Amino acid sequence: MDPRIVIPTWVNPSVGTWRSDPFGSDAGQRVQVEFYVNENTFKERLKLFFIKNQRSSLRIRVFNFSLKLLTCLLYIIRVVTDNPGQGASGSHSAGQQNAPSGNNKCVDCQWNGSVQDREINWELIFWVDRKLPVWAIQVIVAIISFLETMLLMYLSYKGNIWEQIFQVSFLLEMINTVPFIITIFWPSIRNIFIPVFLNCWLAKCALENMINDVHRAIQRTNSAMFNQVLILICTLLCLVFTGTCGIQHLERAGKNLSLFNSFYFCIVTFSTVGFGDVTPRIWPSQLLVVIMICVALVVLPLQFEELMYLWMERQKSGGNYSRHRAQTEKHVVLCVSSLKIDLLMDFLNEFYAHPRLQDYYVVILCPSEMDLQVRRVLQIPLWSQRVIYLQGSVLKDQDLLRAKMDDAEACFILSSRNEVDRMAADHQTILRAWAVKDFAPNCPLYVQILKPENKFHVKFADHVVCEEEFKYAMLALNCVCPATSTLVTLLVHTSRGREGQQSPEQWQRMYGCCSGNEVYHIRVCDSKFFGEYNGKSFTYASFHAHKKYGVCLIGIKREDNKSILLNPGPRHIMAASDTCYYINITKEENSAFIFNQEERKGRSTGGLFDGPSQLPVHSIIASMGTVAIDLQNTSPPDPSGGKLVPPTVNGTGGRRPSIAPVQEIADSSSILPCDLLSDQSEDDSVFIDEKGHPSTEYVKGYPPNSPYIGSSPTLCHLLAEKAPFCCLRLDQGCRHNSYEDAKAYGFKNKLIIVSAETAGNGLYNFIVPLRAYYRPRKELNPIVLLLDNPPDNHFLEAICCFPMVYYMAGTIDNLDSLLQCGIIYADNLVVVDKESTMSAEEDYMADAKTIVNVQTMFRLFPSLSIITELTHPSNMRFMQFRAKDCYSLALSKLEKKERDKGSNLAFMFRLPFAAGRVFSISMLDTLLYQSFVKDYMILIARLLLGLDTTPGSGYLCAMKVTEEDLWISTYGRLFQKLCSSSAEIPIGIYRTESHIFSTSESQVSVSVDDCEDTKDKGDESRSNDQSDHPLLRKKSMQWARRLSKKSVRWQGSNRDSSKDHAQRIAQQRLNLYRRSEREELSELVRNRMRHLGLPTSGYEDLTNLTASDVMNRVNLGYLQDEQNDHQNTLSYVLINPSPDTRLELNDVVYLIRSDPLAHVPEEPPVHRSSLKERHESSIETREDTQL
């Protein structure tokens, strides 16, 4: 390399430097380059100052506008000081001073006598009396305006000079400026008339340009409406001013109207009143009036049309939320992709259900145009004063500024669950959340996400509700705790418990009253409910608060700990700084306490128990607004002086088991730590299956693979070794096992089948609650995922560590797929809403396929419990639709009546929802809305559903009341029994009771002759309980009779054919038609099972149903069409019933059981369904106990 060639260092570019190449040339010289030299010219600099620069251009336009207004003002001054005779005389002879007097005589004569002859003095029109000062000022203004106009014409020249010359504004400028400049050089025409009043139109144009520059300078884009109103007003003013000045000037040669009279005439004329007291007298002024009216008829409609168009567009976009209003009033912002009427009403009803939110405004920010139904609702006075709709995008700062997002109390961002691609809907929600956080970082965010894997993108939000997490966890708990979805839905809805109180049905009144219970919070030191239990155990406080006030204490939060603990157990001692979470009709602050007369006299009389547990029972009136519920004395009379004495039975000395009192402070010796890795209530970890082969070993631990970021770790039952992916396929064998159907596996427990479209990450939250460590190993149900599309390896990696979890490709509308996945061995079938159904043209038709498929499965498998998720809650009525059933029609009328009363839970009386057999995720939207007032609701719901596990916090479970447990008698005694024995807190009852469904059609008795063949066939294949559950339905029998008659007529019409053959065909058809629909469906299922090579021994038809099966199936009303008796059952949920509520057989009690990993009593609670085995005494139970 040549040493003379070096890489130059960078130098100041303003200094010219160069270097020579080896040959001495200047090829390597560096040249300074100047950019944008075209803007350095004189023309470009002028253009930058007069046109391009916003602020300088604005100053120029303000100056121009002021000049035009000045010329109009000078014209008015000239008119006021005008002398018509002097202007005409001075124009002919400037030196003749006496000429005006003669002209005045002529003018006077014309005014006095010759007006009627319409003689026009044209000199008075062309010549005026212009004073010298006015003329001088007008000349100066004209010169300035002329020069400015020529300069702007030069700067805006683009090659076509004639286009600029023939512009109206340029012509007006020339008319009003050039004559004044000429008078400088030609003094004799100084008094010539110049229509200076036309400068008002130039002033209007200057004002428009000035307003545009102002808006451009301050970056305002929502000024179209203001501009159009301003243009319209200016147009009207210019028309009136032009007409006034023109008529006044022309009438100088006629009636000589004053300026005010001309203005009066123009106003009367343009307002179409037309009094006629002032009219133009000469034809030039009349012609001017005609021209002005024509111009007004052309210009004004165009202006009004543009104004109305902008007004309609503003109505669509919603205008603005004023800054003054935002600073003086409180408001929240609701951001959605598309606003439907159901979503809007759910939000408004739930948001304004809280008394302290009545003064809040709701600003809706939506990119789509307002729906017609939404528009009608927002015009109702109840909402029109409190709800403001703004059409705009959250991603635009201008729209966020219109909504005053930085001043909002909260921002709710909801996902569009009606989108086919829910992942794309989540992406839009994430961007909206980011945009709001960037614009208003201090505004609290409440975000709704559909997919759990997208949660971590919005973890900065104050509250996040993931739809699929809650949905799958709720559906999973529905399989082990019936109607959990109904329980949680009622808890998160705001209600006063008024629903159904006017109904004649007892169950509807109880169910509606208990639905008003919600979760509230209060500090112990501020509470009347719990203040007296300071220093007592949590279990003691929960029992006595329920006994005394009727409230159910479910959780606690320490002041130094932000975690909420559900039922921390008897070891937790209440402190004055603790925050209590309880279930009640209303919060304590809205309650009034009324003491009974006996309790006011003194507390010396014995209570139900002696010792430290003695507490007087008060009556509380829980009131909120106008609601008052009297919780009466729940203590039954005690003739024995207040002691619970177990009575004798049948005169013998045998005693029933008694209920121990709840201890104020738990005995520490009875609380032992629990080993995290062992289970005292279970057998060895290796079980022996039915075929004698040892089953897979189970361990307790945390799942090693989470399918998404943000899932809460939960201690679960896991396999000691991960199962190979091939073993997870239920319907295909592999080298590890040869099982190809559910029967071959020999499961001890019933299956739980989940039908879904894809194996989304939300299914992980279905499996975890069913495999949690607190579920007994022997009670784990096998889980089969029936998927439309095969899962990917990522999902299989997440589920392969769980025991008895399988998948299979298939759909619920395929009978073969259902039979292969073991539906005849299943106890629960969960049908999940599918994303592909969202593409229906009509929104409410998205559930059509699901409803029809579920109806078919009910017919095929009547003993199966099906839990269905629907997109729209209003479609729940089709799950039990019977057009001619009076009871269904009565429920429909009741729902409409409750909706008209403004109830938020109008759908609660539908039998499928009350029984927990149908669920819609949109019902949980209120959970996000309630968190604005109750910031703990989302966390409590997650703890109840098992989505979060906090150390020391309990979990939700269920227990069934058997015949051996009826001695407890009431719910209050059950509360005491559970608190004293196993430290469990009951929160409600799932009750199933008999009910008579009356129908409009009379029951038809079937004769023995008509049913003879059917009975013979039934006796061969099933038990003789035909009287209890008859198979032949009335419609099926009528159908069979008609067809049998037709076959007889057909036989008579074909006597010419072979008689034996005809009789044989007719008999076959008669036997076929006489079969019931149930038998046909049963035969269809058996044939398909034989075709698939499956054993038919496990399939049960309707006659083999047990009483409990029938009780479960008729919750949806389908067995009514298959049985002749109308004595059926219905199920419903009672949240926090009163202590004196009687227990009934088969009641399922919801419990919050304390965390077994934290501490357990000396005698651990046995996870069984009977309360008899929980009792510490081994005495045999009796029939009943009377206090």
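Which residue in strand 4 is the bridge partner of L334? That partner is F412.

## Ground rules

This is a predicted model, where local features need pLDDT of at least 70, side-chain atom pairs count only at pLDDT 80 or more, and totals for chains, interfaces and linings use all residues. Residues are numbered from 1 along each chain as its sequence is written, and side-chain values use heavy atoms, with hydrogens and water left out.

## The sheet

Six strands form an open sheet in the order 3-2-1-4-5-6, with parallel pairing (strands are DSSP E runs of at least two residues and helices are H or I runs of at least four, numbered from the N terminus; strands pair if DSSP finds at least two bridges between them). Strand 3 (387-391) and strand 6 (463-466) are at the edges with a single partner strand each, so one side of each has no neighbour in the sheet. From one strand to the next, the twist averages 15 degrees.

## Helix 18

Helix 18 (residues 422-439) lies across strand 4 and strand 5, at about 170 degrees to strand 5 (axes are lines fitted to C-alpha atoms, for helices over the stretch in contact, with angles from 0 to 180 degrees between N-to-C directions; contact means heavy atoms within 4.5 Å).

Its buried residues (under 20% relative accessible area, 1.4 Å probe, protein chains only) include R422, D426 and I430. The buried residues of helix 18 pack against helix 17 (397-402), strand 4 (410-413), strand 5 (445-449) and helix 19 (467-480).

Notes: Buried means under 20% relative accessible area, exposed over 50%, partly exposed in between (1.4 Å probe, protein chains only).
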